[in-house]
Amino acid sequence: MQPIVKCTAKHVDFFYGDFHALHAIDLDFHQNEVTALIGPSGCGKSTFLRCINRMNDLIPGTRIEGELTLDGEDIYAPGLDVVTLRRRVGMVFQKPNPFPKTIFENVAYGLRVNGIKDKECIAQRVEESLKLAALFDEVKDRIHQSALGLSGGQQQRLCIARALAVEPEVLLMDEPASALDPIATQKIEELIHQLKQRFTIIIVTHNMQQAARVSDRTAFFYMGKLVEVNKTGKIFTKPEKKQTEEYITGRFG
Ligand SMILES: Nc1ncnc2c1ncn2[C@@H]1O[C@H](COP(=O)(O)OP(=O)(O)OP(=O)(O)O)[C@@H](O)[C@H]1O
């Protein structure tokens, strides 16, 4: 079965002022697959990830060229509603960043921002999202207590629940487990595996074992360029490019 292409980058260049951070990136993301972005520090993984939901727009002096599309529609089209884009393309960051509010209010936040007022509907979506993020059973008895009382791993799953509550289509994850211990990391990885049945997932990771475990496809970046993208099994056993091989065998990076 041919994969459905959810999101496409065509010849994307990105600049921080005069600094040319991304060079002619061509990359497709398939629906219901996990794509891992790997490469040494500073190669542009996070920059590229942030292009997809226009988070870089918030950084003054930046500029993008080329084309990025979601379901064939230009993400950078003039007049495009960025709030709607960010609802469709959710994001989870490296460090869990819950709001200093209750567990319930953290997850309800995006629903309220998107104008949903019906209390029953909000309560239902909060519960569903916590279940999807595999957190509900652990927090159901303290849902109206502060989110800051949760462990780091629980906080990160809460942030995932918060991102899922607005029913995104794509989930961007920027090193979502790098601040977590091995058990919490394993939970996040299992969760990613579950979530890909419903979402398109793009994950930046420094951890190559993690990329190998969670992703269907892996894209290797080096110095702002996409060196190689392929099925994860192929990248980790028989990469086509020498640079990829050197990186995955730990010869640099
Ligand atoms: N806000 C910024 N202003 C100027 N340059 C930046 C900014 N953010 C990133 N860069 C530069 O762009 C390049 C790519 O950075 P980016 O954070 O995308 O790399 P990365 O591969 O995600 O790195 P890491 O794995 O260390 O997070 C780096 O040279 C970095 O210094």
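Strand β2 (19-30) and helix α1 (45-52) each supply at least two residues of the shell around the ligand. The model is predicted. The UniProt record, an unreviewed entry, places the feature "domain: ABC transporter" at residues 7-248. Over residues 7-248 the chain is 38% helix and 27% strand. The end C-alpha atoms of that stretch are 26 Å apart.

**Around the ligand**

- The shell around the ligand holds 13 residues. Tyr16, Ser41, Lys45, Ser46 and Thr47 come nearest.
- Helix α1 gives the largest share of the shell, three residues.
- By class, seven residues of the shell are polar, five are nonpolar and one is charged.

- Glycine 61 sits in the loop between α1 and β4 (62-70).
- Glycine 61 counts as exposed because 9 other C-beta atoms lie within 10 Å, and the cut-off for exposed is 12 or fewer.
- Leaving aside residues up to four places away in sequence, glycine 61 touches Tyr16 and Gly17.
- Glycine 61 and tyrosine 16 are 45 residues apart along the chain, yet their C-alpha atoms are separated by 6.1 Å. Tyr16 is also among the residues that come nearest to the ligand.

**Helix α4**

- Helix α4 covers residues 119-132, 14 residues in total. At 1.5 Å a residue it should span 20 Å, and its end C-alpha atoms are 20 Å apart, so the two values agree.
- Which residues of α4 are buried? They are Arg125, Val126, Ser129 and Leu130. These residues cover an arc of only 130 degrees around the axis, which means that they lie on the same side of α4.
- The face of α4 turned away from the buried side carries exposed residues: Glu120, Cys121 and Gln124.

**Helix α6**

- Helix α6 has 14 residues. From its first C-alpha to its last it reaches 20 Å, close to the 20 Å expected at 1.5 Å a residue.
- Helix α6 is mostly covered, with 13 of its 14 residues buried.

**Positive phi values**

- Most residues other than glycine have a negative phi. The residues below depart from that pattern.
- Alanine 24 is not a glycine, yet its phi is positive, about 45 degrees. Alanine 24 is found in strand β2, a strand that supplies at least two residues of the ligand shell. Alanine 24 counts as partly exposed because it has 14 C-beta neighbours inside 10 Å.
- Asparagine 32 has a positive phi near 60 degrees. Asparagine 32 lies in the loop between β2 and β3 (34-38). With 15 other C-beta atoms within 10 Å, asparagine 32 is partly exposed.
- Alanine 134 follows α4, and its phi is positive, near 55 degrees.

Notes:
Residues are numbered from 1 along each chain as its sequence is written. This is a predicted model: local features need pLDDT of at least 70, side-chain atom pairs count only at pLDDT 80 or more; totals for chains, interfaces and linings use all residues. UniProt positions are given in the numbering used here, feature names are shortened, and annotations may be inferred rather than shown by experiment. Helices (H or I, at least four residues) and strands (E, at least two) are DSSP runs, numbered from the N terminus. A residue is near a molecule or strand if its C-beta atom, placed from the backbone, lies within 6 Å of it. Ala, Val, Leu, Ile, Met, Phe, Trp, Tyr, Cys and Pro count as nonpolar, Asp, Glu, Lys and Arg as charged, and the others, Gly among them, as polar. The expected span of a helix is 1.5 Å times one less than its number of residues. A residue is buried if 20 or more other C-beta atoms lie within 10 Å of its own, exposed if 12 or fewer, and partly exposed in between; C-beta atoms are placed from the backbone. The arc is that of the directions from the helix axis to the C-beta atoms. Two residues are in contact if their C-beta atoms, placed from the backbone, lie within 7 Å.
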